[in-house]
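Hi,

Here is the structure I promised to pass on to you. Have a look at it first, and then read my notes below.

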Amino acid sequence: MGGEAALTEQETSPNAGPNAGPDAGLKPERKTLSASEITAVAHLYRGEVYRSTIWRTRLDTTTNWAVVTLGVALSISFASPDSSPLPLVLVGVLILLFLMLEARRYRYFNVWRARCRWMEQHFYAPMLDDGDLHLEDRWQKTLSQDYVTPRYHVTLMTAVGRRIRSNYLWILLIQSLAFAGKLAVHPTAVESWDDAMTRADVGPVPGEVLVVAGVIYIGAAAGMALWSWRTDVARGRQRGRDKSHSMG
């Protein structure tokens with residue numbers, strides 16, 4: 001949850017606004033958490049860690065599905081010299097389905113992860129470093145607002161780009177290389193470009209169409225990954241960090 005969406009400059013500045021009182025220039029009074037409140041925050045953190053762990057496991061599940069289906073397609077396409085490369089094309093549809101499912105799950109996972117990172121950064125780290133909870137930074141206001149009105153911290157396209165960067169770009173590259181290898185060397189080495197395009201023909205669909213579609217397919221995935229990486233870097237720099245933690 002972006003810090004820009006959490007508190008405006010007027011809310012965080014002690015002397016903001018036309019009606020600022022005579023004590024506006026003074027440092028805001030510090031709130032002290034009681035032992036029971038600190039214990040409650042600790043239990044809250046444990047709960048968020050548990051939820052992020054569960055959703056992280058669900059991300060691994062969809063990635064495993066994509067890997068398994070690609071393995072099945074490879075086995076079918078290279079099973080015999082007369083096998084068609086069509087399974088390697090069709091498995092791309094399943095991989096895209098798994099990618100969208102995983103991106104949706106990632107948006108949920110990112111909510112729990114961001115809350116954990118927020119508490120680690122503003123509650124536990126300062127307390128361990130110098131015993132200072134830094135409550136005057138009003139970081140707890142951002143966290144409480146996220147509980148009052150929960151929302152996704154990243155867009156669907158950002159989630160898709162991050163999952164492509166993490167796993168799916170490699171899966172798509174393996175799929176594409178396997179398709180090219182099927183055309184080039186299986187069952188025998190190809191002798192010309194026309195011969196390779198003939199092998200790529202699937203029913204009434206010319207091989208050239210499949211090859212062009214494959215190039216667009218991989219190019220779009222790589223472009224999405226690059227876009228999400230540049231967006232994350234820019235967001236992190238705006239917040240004074242190398243990476244964006246999605247909240248604050």
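From the N terminus on, the elements run α-α-α-α-α-α-α-α. In other words, the protein chain has 8 helices and 0 strands. Please keep in mind that this is a predicted model.

How far can you trust it? The average pLDDT of the protein chain is 82, and 84% of the residues score at least 70. Residues 1-24 need some care: pLDDT stays under 50 there, although the model has 33 contacts beyond four places in sequence for this stretch. Where pLDDT is low, the predicted coordinates should not be read in detail.

Now to the chain as a whole. Of its 248 residues, 36% are buried. If you take the contacts with a separation of 6 or more, 76% of them join residues 24 or more positions apart. The accessible surface comes to about 14300 Å², and carbon and sulfur atoms account for 62% of that.

Next, the inside. The largest nonpolar core has 29 residues, and those touching the most other members are I95, Y106, I164, Y168 and I171. At least two residues of this core come from each of helix 3 (35-77), helix 4 (86-130), helix 6 (156-185) and helix 8 (207-238). Helix 4 gives the most, with 10 residues. There is also a second, separate core of 12 residues, with L33, Y45, F123 and L133 among them.

Another one to click on is T62, which lies in helix 3. Is T62 buried or exposed? Its relative accessible area is 0%, so T62 counts as buried. Leaving aside neighbours within four places in sequence, T62 is in contact with F98, L101, E102, R105 and Y168. You have met Y168 already, in the list for the largest nonpolar core.

Last, the largest pocket. About 490 Å³ of space lies in it. Its lining has 23 residues, and F179, L210, V211, G214 and V215 lie nearest its centre. Helix 4, helix 6, helix 7 (193-200) and helix 8 each give two or more residues to this lining.

Enjoy exploring, and write back with any questions!

Best wishes

Notes
Residues numbered from 1 in each chain as written. Predicted model: local features only at pLDDT ≥ 70, side-chain atom pairs only at ≥ 80, totals over all residues. Heavy atoms only, no water. Helix = DSSP H or I, 4+ residues; strand = E, 2+ residues; numbered from the N terminus. Buried < 20%, exposed > 50% of the residue type's maximum accessible area, 1.4 Å probe, protein only. Contact = heavy atoms within 4.5 Å. Areas by Shrake-Rupley, 256 points an atom, 1.4 Å probe, with all protein chains shown as cover. pLDDT = per-residue confidence, 0-100. Core = buried A, V, L, I, M, F, W, Y, C linked by side-chain atoms within 4.5 Å. 1 Å grid on protein atoms, 1.4 Å probe; cavity = no way out; pocket = protein on both sides within 12 Å on 5 of 7 lines; lining within 4 Å. Points joined across faces, edges and corners; volume = space filled by probe spheres on them.
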